[in-house]
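Dear colleague,

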Amino acid sequence: MATGVILVAFALLGAAAAQRVVKVQDGPLIRTEGSHVTIWCNVTGYKEGVEQDFEWSMYLPSAPEREIRIVSTAQPNYAYAVFAQRVNAKEIYVERLSRDSAMLHLLKVQAMDQGLFECYTPNTDGRYLGSYSARTNLTVIADSLTVSSPAQTLSKVEGDTLQLSCEVSRTTMQHTHLSVGWYLKAPEDLSAPPQELLTLSKDFVLRSGGPYRQRMSAGDLRLDKTGATSYRLTIHKLQPADQGLLYCQAAEWIQDPDGAWFAMTRKQSDKTPLRIQPTDRDFSIQVSTERRSFTAGEPLELRCTIEAQNVPERFFSVSWVFSSSPVAVVGPGAVPVLGSDYVAREAAGHMTVRKESPNVHLLKLQRLRPDDAGKYICRVTEREKTPTGDFIDRSKRSRNVQITVQPLKSNLTVLLSSNSSEVLEGNVMQLICSAQAAAGPLSVVWQWNDKQGDRPARDLASLDRDGTVLYGDVYGERSGYGEIRVERQRADAFSLSIYNVLPDDEGQYSCTVSEWFQSGSEAELSWEKIGEKSDTKTVTVKTVESSFMVSASSRTPSVIYGDSFDLLCLVKPRHNPRVPTSVTWRFMPADTEEGEGDFKELVTFTREGTLQWGEQLLGLGTRTTVDRSLSNTNFRLSVTRVGRREAGKYQCTAVLWRKNYDDSWSRVANRTSNLLGISVVQPESKLRVQKTNQSLVHLEDSRVRLNCTVTSQTSPESLHAVLWYVRRAGVGRGSEADELLLRVERWGALEYGAYADEERLRRRARAERLSPRHYALTLDRAESADSGTYYCLVEEWMSDPDGAWYRLSRDSSGFTQLLVRQPEARLLVEETESNVTVAETGSIRLGCNIPSQSSRDSRFSVSWYAERPDEADDQDEDERRRCVFSVGHDAIFGNGDCSPVEETGPDSRLQFQRTASDQYSLTIREARPADGGRYYCHVEEWLLNPRDSWYRLAANDSGYVTVNVLPRESSVKSVVCSNKALFYLVFFYPFPIFAILLIALLFVRFKSRNNNKSQEGKNGAPLLWIKEPHLSYSPTCLDPPALSLHPGSVD
């Protein structure tokens, strides 16, 4: 027993070693709202080599039994809606640490995330053994940590002492620790990580950053807690490296159940800028220029650079001096103060003095003069404040910069160009006169001459060096309307623009440029022409009439009803606002006879760009649109939902106009385009009717439905007219035998054909529209005459855009062969044959049973026939048989298929009975010998047709009943049977007497056995054995009962 327990224990230990175990970070985990939360989960005891998946879910405290799925490593759409958005935004994700370890990340935990978190690992071993999930509790608390520091900007001198305070507090109910530290961030590189100065850790251990360890050991760096929430940083002997942004950072720590400390939240105070002035106050000056030799009129730039430490924090004044004369002084505020000789020059914009940067100052003379040659120096003065509060000035000057200025010589060159050597009439002609190597101000004179140059040149306009424009006498009026303009585009470029060029503007254009130089002092200035150059350009003007042409085109000369077409009128050359075009579309209807009709105006694009509709409107004016291109060269006429009224000939006409400079208009040319013929045709029919041939068999008086299905149609707005035809048997399709049964118009009206009246179908035929594409013909109470071949003919009707209906096409369906037949003959009459023997004056009962009939509405005509055995053999069958009785289907006696020999009446021997609808009987009373023979019943089945007429459907005969009639005889039997008293004496009274004698005999036998037991046989058998007497009895009165004792009945 002990051995078995030990084996079971070892087996359990072995099973436990192979069990799967899922572990999750111990809880409860307390985290602050908005912090980054991580929860690890790992699994052991699984089949090696299989990567494990992790599925995270949670349970809210309000619903601890309801699982809310969060994220899974195996299923991308695992999360429920409450977490799906955060999972898709990567605010919640799973980081796989290894094949069997993962970590859940919640980047910004929310208060709603508080609850029980479950890590589940799906089974990968093929069997279940161990645990597959683990849970931990997460508590989310409010973030109450606050960190603040007084906002200030500090400026210290190298070697001073700095003290900064920081307030850190929290109101967390849980047991937490704080860590407080000071950090320094370099201002020149804000992307660099901050430098740790000094930190008081959560374990109350003071540590410093790498560069500050030695200074903390020397006592120059310390952190003191001066109150419950106050911390103070002290730095002795400040160094230039301490300059930057200082801030305080605090973190709140909590210890998890596994003993590890976790920083729930971190916060920083406002940054305090700290500037440290180094003790080195020396500086140097350097003046630079690109070159020292200039030509009069060129610009001079001198830059004075101050080389020193921390220049922006120091106060420097810069003075410019030329040949011992002050030029300008720029103070620490960067406001220049000019010398008296340079005020007017600076006001004229010929001089600039400014501070480009904290350590660079600029002196710029725009146009050098010969008297600007000489020595230039830069003097820099720094003002400092001593510890006593006094100010001292230290000055330095740069080396002399010698500048030479050469007298000005003209190297002027002129080039005349135009936007085009050939200008289209009405366009803009622009001439550019460019001067190169010009040192002074320029003036220009524009002139015109014809191409041959035979006549003196005419002055167009002139522009002097001050920018004043004067126009010639010939062009003064045009310039007044703005058609001629002269401009200075740059200091060395001039333009002549002629708007709305006329043919007379063709010729040679020349520009003459003069270069000027200003000499003398600012008080007494004079201008001197130092050079003059000119250039000529020939311009040709192309008249618009020579290239004016109009053409019309269309991509759709044939248009389907309801479609649209575009007509394009192309006008060349391109549109010019000064030479605009008016375009008119004209139209002639297609039904106009040749030579009789005129084109009518549809719409006109006026030269002002407006629309003017004509007397002829296409599509009632609502389906016609017109537009034109931005260049006014393409004019389009569009007509939508085209009808037959839009068919015809189209053309466009264009008129070219010229706008004069006085705003008057002149008609230049007129052009007419080619003709465009537009034909409007009916759309191609897509009408298709289902052409499946079928055969239908129906019984008379039933309902027949024939279907007609439209499988496709040209348009969803199409309407159908349906015609139903019937073809008589044996005649081909298309002949006169295809009779129109009825027609259903597209608007639903019903019209019967002549065939419907002939065959009495008007009240029995109905047409239905089951759906927009499904039609049916129903025949009520079908008749045999309705048999034939039926088909439907579908007409597709469509409405044109003008509202007129037209028949587009016709299509017929497949053939439906309809056979209306009478019910199948199923009449059966019982054919059992029998023999019946009756006595004379007895009754003969003849039955006629119908076990099967063709219809439940059937009626029967029943007749009984008899065949006499004594009839001559040479008679035919009809002569040998005799009609006994008949009843018609209308229940009238004698109205069957024969006339009985014996008439029916109150004294008739025939008695007819109908015990059920299918059971008939005939009784012949007081039978006679002549009634003997073979009897059978003849049944005819009758039905009522839909026209309320009876017709015979089937007939059948029953089996024969052979009847024997015994004639009457005078015998003992007849005497006995005829006398009632004698009948009882012979057949009834002997039986009781015989029974009494038998009982007495048995009693005597029984008494003798009791008294004489010794007489029994050895085997115990009695000596006397009486068998049951055999009684023969005939129930009829013809044979009397017989009682007999057979041999062996008494032993």
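**Charges over rings**

The charged end of Arg135 lies over the ring of Tyr59, 4.3 Å from the ring centre. A charge counts as sitting over a ring if NZ of Lys or CZ of Arg is within 6 Å of the ring centre and within 35 degrees of the ring normal. Lys396 also has its charged end over a ring, that of Phe283, at 5.1 Å from the centre.

Please note that this is a predicted model, in which local features need pLDDT of at least 70 and side-chain atom pairs count only at pLDDT 80 or more, while totals for chains, interfaces and linings use all residues. Residues are numbered from 1 along each chain as its sequence is written, and side-chain values use heavy atoms, with hydrogens and water left out.

**Aromatic pairs**

A pair of aromatic rings is described by the distance of the centres and the angle of the planes. Rings of Phe, Tyr and Trp (its six-membered ring) pair if their centres lie within 6.5 Å; planes under 30 degrees apart count as stacked, over 60 as edge-to-face and the rest as tilted. How many aromatic pairs does the structure hold? There are 18 aromatic pairs. In one of them, the ring centres of Phe283 and Phe316 are 5.2 Å apart and the planes stand at 80°, so this pair is edge-to-face. It links distant parts of the chain, with Phe283 in strand S21 (residues 283-288) and Phe316 in strand S24 (residues 315-322), 33 residues apart. Strands (E, at least two residues) and helices (H or I, at least four) are DSSP runs, numbered from the N terminus.

Buried means under 20% relative accessible area, exposed over 50%, and partly exposed in between (1.4 Å probe, protein chains only).

Tyr725 and Tyr791 form a stacked aromatic pair, with 5.5 Å from centre to centre and 15° between the planes. Tyr725 belongs to strand S56 (residues 719-727) and Tyr791 to strand S61 (residues 788-799), so the pair ties together parts that are 66 residues apart in sequence. Tyr725 is buried, with a relative accessible area of 15%, and Tyr791 counts as buried at 6%. Elsewhere, Trp864, Phe885, Phe893, Phe912 and Tyr920 form one aromatic cluster.

**Disulfides**

A disulfide is a covalent bond between the sulfur atoms of two cysteines. Here the term covers a pair of cysteine sulfur atoms within 2.5 Å. The structure holds seven disulfides, and three of them are described below.

- Cys433 is joined to Cys511, with 2.1 Å from S to S. The link of Cys433 and Cys511 is right-handed, with 70° about the S-S bond. Cys433 lies in strand S34 (residues 429-436) and Cys511 in strand S40 (residues 507-520), so the pair ties together parts that are 78 residues apart in sequence. Cys433 is buried, with a relative accessible area of 0%, and Cys511 counts as buried at 0%.
- Cys708 and Cys792 form a disulfide with their sulfur atoms 2.0 Å apart. Cys708 is in strand S55 (residues 704-712) and Cys792 in strand S61, so parts that are 84 residues apart in sequence are tied together.
- Cys848 and Cys937 form a disulfide with their sulfur atoms 2.2 Å apart. The torsion about their S-S bond is about 70°, so this disulfide is right-handed. Both Cys848 and Cys937 are buried.

**Strands and sheets**

Strands of a sheet pair through backbone hydrogen bonds, either parallel or antiparallel. Two strands pair if DSSP finds at least two bridges between them. An open sheet of four strands has the order S10-S12-S17-S16, with antiparallel pairing. Its edge strands are S10 (146-148) and S16 (221-225), each of which pairs on one side only. Three bridges join S10 to strand S12 (residues 162-169), and Val147 stands opposite Val168 in S12.

A parallel example is strand S22 (residues 293-295), which is joined to S31 by three bridges. The bridge partner of Ser293 in S31 is Thr404.

Yours sincerely
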